[in-house]
Amino acid sequence: MKVYFLSSEPCALTLNGLYYGITDLFERFVELSPKDKIFAQFIPEGKLPIGFFITEELRFSAPTGCEVYLLRDGVAVVARDFVTPDLSMRLITQKRENDLLVSVFVHGSLQVSLESSEGFFTASLPPSFECCELFFQDEFVLLKTPTALAVFHRSGKQVLSENVLSFTLDGNVLTAILPLLDSLRSTAECSWILEQGECKRISFTIRRENNGKPADVLQAELLPYAFLESVLIGANFEEMLCDDLLPEKEKIRDFLGDFVAVTITEKTNVCGLVRQKGERLFEVDYFTIEQKDGKITDIQG
């Protein structure tokens, strides 16, 4: 089977001790047989490696420090939680607002702590947050790096984690430009409302460089992804459906089922729906969206 190896920071990948190249968030795969019980290891610079055996168990539980995605042509393993060998504590940044004290620090791994009258809470952070800025918005805490944004409620619950190009905060409405991992250099403008301890997405608009393409061609390329994102956030998608599909609106929601994210593929009319199967374990189902005259005419799973 194909095993895709990805990592949240650059790593040397070894299989049974042999060097296979560098991993990052770009998809690279190796054809492997689970019967061979090959030992894979992600080795980052200055941190402890993450290693595991590639067996059939990979389809049912994620190795420590990793996320696993079950794909139609194999399995993707994303190594994320790397630990430094130095277990001494090092403070990155710290701020206080009223009774809430927020600290970003390294203690084996990168972490954030929130201390208030409600208690003391800690959470892990990706390595990119080792150099970050800290903002307060009512009962929320925002951590920003040049490429990422994380939002926590004062109770310690993480309510948002996104790669971003930029963001603005207008009252309790957060708007950000997100890079999309596709070959067409797309971005998305998203808005969320921060209230009642939650971060709820209220809008999602895809933007793409036209590279000389007519507007109707761009609209056709964007439609499948925009439609599925609208279903995900509970937005109105009726205007995207042809007349024959309008009466089937609720059946379409049931047909697509529950999912936590939408992924782009090499085909603009085929998208993947990411469903959570367990702790750090996800499955991707693929749907083909047919359209005519700017309206969706068929959805095939």
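Two strands count as paired if DSSP finds at least two bridges between them. Keep that in mind as you open this predicted model, and let's start with a sheet.

Stop 1: Select residues 133–137 and 158–163, which are β13 and β16. They belong to an open sheet of 4 strands, ordered β13-β14-β15-β16, with antiparallel pairing. Because β13 and β16 stand at the edges with a single partner strand each, one side of each has no neighbour in the sheet. Going from one strand to the next, the twist averages 15 degrees.

**Stop 2: the β14 and β15 pair.** Now select residues 140–144 for β14 and 148–153 for β15. These two strands pair in the antiparallel sense over 5 bridges. Which residue of β15 stands opposite Val141? Show Val141 and you will find Phe152 across from it.

**Stop 3: the cysteines.** Switch to the sulfur atoms and show Cys132 together with Cys131. How many disulfides does a search of the whole structure find? The count is 0. A disulfide needs two cysteine sulfur atoms within 2.5 Å. The closest cysteine sulfur to that of Cys132 is the one in Cys131, at 7.3 Å, so the two are too far apart for a bond. Cys132 itself is buried, because its relative accessibility is 14% and the cut-off for buried is under 20%.

Finish by selecting Cys190 and Cys199. The sulfur of Cys190 has its closest cysteine sulfur in Cys199, 10 Å away, which is again too far for a bond. Is Cys190 buried or exposed? With 0% relative accessibility, Cys190 counts as buried.

Methods. Residues are numbered from 1 along each chain as its sequence is written. This is a predicted model: local features need pLDDT of at least 70, side-chain atom pairs count only at pLDDT 80 or more; totals for chains, interfaces and linings use all residues. Side-chain values use heavy atoms; hydrogens and water are left out. Buried means under 20% relative accessible area, exposed over 50%, partly exposed in between (1.4 Å probe, protein chains only). Axes are lines fitted to C-alpha atoms, for helices over the stretch in contact, and angles run from 0 to 180 degrees between N-to-C directions.
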